[in-house]
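The following exercises are to be worked through with the sequence and the structure at hand. Each task is followed by a solution in steps.

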Amino acid sequence: PCCAIGPPGGADGDDSLYPIAVLIDELRNEDVQLRLNSIKKLSTIALALGVERTRTELLPFLTDTIYDEDEVLLALAEQLGNFTMLVGGPEYVHCLLPPLESLATVEETVVRDKAVESLRKISQEHSPVDLEVHFEPLVKRLASGDWFTSRTSACGLFSVCYPRVSSTVKAEIRQHFRTLCSDDTPMVRRAAASKLGEFAKVLELDYVKSDIISLFTALASDEQDSVRLLAVEACVSIATLLPQEDLETLVMPTLRQAAEDKSWRVRYMVADKFSELQKAVGPEITKNDLVPAFQNLLKDCEAEVRAAAANKVKEFCENLPEDNREQIIMTHILPCVKELVSDTNQHVKSALASVIMGLSTILGKDNTIEHLLPLFLAQLKDECPEVRLNIISNLDCVNEVIGIRQLSQSLLPAIVELAEDAKWRVRLAIIEYMPLLAGQLGVEFFDEKLNTLCMAWLIDHVYAIREAATCNLMKLVEKFGADWAQNTIVPKVLGMANDPNYLHRMTTLFCINALSDVCGRDITTKQMLPVVLKMSEDQVANVRFNVAKSLQKIGPVLEKITLQNQVKPVLDKLATDKDMDVKYFAHEALSGECLPYEYKKLQWSSMLCVLVYARPQLLDSS
């Protein structure tokens with residue numbers, strides 16, 4: 001039978017082809033996983049069979065066995081998109097159409113979508129003649145199929161074949177697309193609406209005006225909101241294709257209607273695409289139509305719509321015509337923004353907080369100080385941590401406009417309050433902003449207002465905060481210099497070496513690791529090294545093996561005589577420690593490379609994990 005596949009190659013006794021025979025056999029196996037594995041290696045089978053037998057035996061067999069599990073069909077649809085050279089090149093690429101056509105009609109959406117993706121891919125490899133002879137008839141069959149599944153798949157194929165066929169065939173394709181846009185099944189109309197913009201881009205301008213606009217208007221008025229919202233997406237593409245003088249009459253009535261649609265999902269889509277629509281329709285229509293529409297979206301009764309619109313505030317304001325941008329923002333947009341700052345929904349406030357700082361660069365220093373700073377302060381004190389986090393993360397925008405002095409007077413008290421926020425991500429955002437803040441404020445102001453805060457982070461109960469605080473200290477020393485570190489930071493860090501909490505003692509070591517390079521040899525040798533050496537006698541093994549790691553880290557900063565007389569004796573002692581972890585890291589520090597034996601067991605915060613340490617050579621030889 002045509003679907004039977006014999007063993008590959010010529011010589012029946014060739015052992016090297018046995019694995020291929022197994023793969024072919026697994027294509028018919030009852031076990032789904034085996035069939036799936038074989039499908040994923042379909043290119044290997046095709047290579048072994050050769051192009052002739054792939055076309056005459058493998059593809060018919062695959063076409064006949066389309067009724068399989070969805071995951072198998074998905075893998076098959078993906079594989080066939082890369083099969084052109086395996087069937088003999090572009091000349092024979094049409095042989096791939098039958099199995100992909102069958103896959104494009106199955107019930108499972110992801111399989112159909114993948115089949116359409118592969119069909120779109122191989123359509124580019126058809127010659128214009130083959131496209132009309134083989135590919136375009138397939139599109140017609142799918143478009144007129146009895147089941148909605150085939151008709152939805154057809155919607156994704158019109159745009160790839162339209163530019164390369166004759167005018168007669170183009171007319172047929174346009175007619176098929178019109179038919180699908182008014183299909184009885186909502187799923188088909190939805191698929192057509194999702195491809196309307198893409199199809200419009202390949203049509204001639206006259207047909208865009210005569211055909212696409214009427215389809216766009218009809219879909220935007222569809223009884224199903226899932227169809228109407230997809231028409232909004234197509235509006236962006238259509239608007240970019242039309243001359244400015246046609247937009248007001250052909251597009252804007254439908255867009256106004258969508259912005260006030262009874263379904264919040266449609267209004268949400270308008271809000272989500274607002275910046276793109278704004279660029280597509282131009283400044284004049286934006287000023288007359290889109291500004292009032294945007295105001296309404298910012299005041300929408302549904303929180304999801306307000307959040308989507310709030311997210312576009314900065315982008316919308318940036319794209320306003322420059323000659324009256326400030327006046328439009330101050331008169332029409334800012335009053336809405338002020339209302340959103342105290343919105344009842346936290347997602348709306350969070351969306352606004354992520355972009356509102358950007359308004360300062362658009363409105364300038366005076367407007368920012370008078371109108372925006374009070375809003376920033378209100379959001380910094382918001383009960384929602386996400387709102388506070390978004391404001392902190394964008395402080396640099398405001399800093400560029402009003403300067404650090406004004407910023408510190410207005411917002412610093414709130415920032416200090418947030419440094420002790422219950423949510424660790426908020427504290428982390430403050431830490432990451434601290435070097436910039438410190439550099440702008442200057443050393444005296446920093447020591448007075450923020451130094452204590454930075455030291456407190458080193459003993460935070462969240463490791464990520466302690467780690468970030470350590471990096472923060474290093475950046476501060478880079479800004480303020482080693483002398484400042486010696487007098488202000490180093491004594492406090494070294495004082496933590498006697499803390500009863502072993503995690504805080506380890507933080508001392510982490511700080512020394514970070515600070516040794518920026519502080520230099522003198523401070524490291526005279527102040528830091530004695531503390532590290534003393535900590536080698538700590539009762540907690542985790543501290544001791546971190547001593548070994550610290551000695552290895554700061555070693556390059558120290559003089560050779562110091563290494564020989566002070567560091568090596570301590571490492572030698574740690575190398576004979578009763579704890580295997582301490583011994584391992586001591587040996588590593590002494591040798592400067594991993595130990596030549598397999599090592600297991602690591603204790604960390606009362607949890608046992610298994611780690612294997614081995615030389616790469618040992619792994620290779622095994």
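**Exercise 1.** In which helix does Leu76 lie? Determine also whether Leu76 is buried or exposed.

*Solution.* The model is predicted, so local features need pLDDT of at least 70 and side-chain atom pairs count only at pLDDT 80 or more, whereas totals for chains, interfaces and linings use all residues. Residues are numbered from 1 along each chain as its sequence is written, and side-chain values use heavy atoms, with hydrogens and water left out.

Step 1. Leu76 lies in helix H4, which covers residues 70-80. Helices (H or I, at least four residues) and strands (E, at least two) are DSSP runs, numbered from the N terminus.

Step 2. Leu76 counts as buried because its relative accessibility is 3%. Buried means under 20% relative accessible area, exposed means over 50%, and partly exposed lies in between, with a 1.4 Å probe and protein chains only.

Step 3. Leu76 and Leu103 are 27 residues apart in sequence, and their C-alpha atoms are 8.7 Å apart in space.

**Exercise 2.** Which residues does Val169 touch, not counting residues up to four places away in sequence?

*Solution.* Step 1. Val169 belongs to helix H10 (residues 167-181).

Step 2. With 9% relative accessibility, Val169 counts as buried.

Step 3. Beyond the residues up to four places away in sequence, Val169 touches Glu132 and Glu136. Contact means heavy atoms within 4.5 Å.

Step 4. Glu132 and Val169 are 37 residues apart along the chain, and 7.9 Å separates their C-alpha atoms.

**Exercise 3.** Where does Asn399 lie, and what is the separation of the C-alpha atoms of Asn399 and Leu437?

*Solution.* Step 1. Asn399 is part of helix H25 (residues 395-402). Asn399 is buried, because its relative accessible area is 11%.

Step 2. The C-alpha atoms of Asn399 and Leu437 are separated by 9.1 Å, and the two residues are 38 apart along the chain.

**Exercise 4.** Describe how helices H32 and H34 meet: at roughly what angle do their axes cross?

*Solution.* Step 1. The axes of H32 (residues 502-519) and H34 (residues 541-554) come within 10 Å and cross at roughly 5°. Axes are lines fitted to C-alpha atoms, for helices over the stretch in contact, and angles run from 0 to 180 degrees between N-to-C directions.

Step 2. H32 and H34 are therefore roughly parallel to each other. Angles under 35 degrees count as roughly parallel, over 145 as roughly antiparallel, 65 to 115 as roughly perpendicular and the rest as oblique.

Step 3. H32 brings residues including Tyr502, Arg505, Leu509 and Phe510 to the contact, and H34 brings residues including Asn542, Val547 and Lys553. The residues of this contact of H32 with H34 divide into 8 nonpolar, 5 polar and 3 charged. Ala, Val, Leu, Ile, Met, Phe, Trp, Tyr, Cys and Pro count as nonpolar, Asp, Glu, Lys and Arg as charged, and the others, Gly among them, as polar.

**Exercise 5.** How many residues line the largest pocket, and which helix gives the most to its lining?

*Solution.* Step 1. On a 1 Å grid over the protein atoms alone, a cavity is a set of points where a 1.4 Å probe fits but cannot get out, and a pocket is an open set with protein on both sides within 12 Å along at least five of seven lines; lining residues have an atom within 4 Å of a point.

Step 2. The largest pocket has a lining of 14 residues, and Asp113, Thr152, Ser153, Ala191 and Lys195 lie nearest its centre.

Step 3. H6 (109-123), H8 (148-155) and H11 (186-202) each supply at least two lining residues. H6 gives the most, with 6 residues.

Step 4. By class, this lining has 3 nonpolar, 5 polar and 6 charged residues.

**Exercise 6.** Which helices each supply at least two residues of the lining of the largest cavity?

*Solution.* Step 1. The structure holds 1 cavity of 30 Å³ or more, and about 80 Å³ of space lies in the largest cavity. Grid points are joined across faces, edges and corners, and a volume is the space filled by probe spheres set on the points.

Step 2. Helices H12 (205-220), H13 (225-241) and H15 (252-259) each supply at least two residues of the lining. Among the lining residues are Phe216, Val232 and Leu255.

Step 3. The lining of the largest cavity has 8 nonpolar, 2 polar and 2 charged residues.
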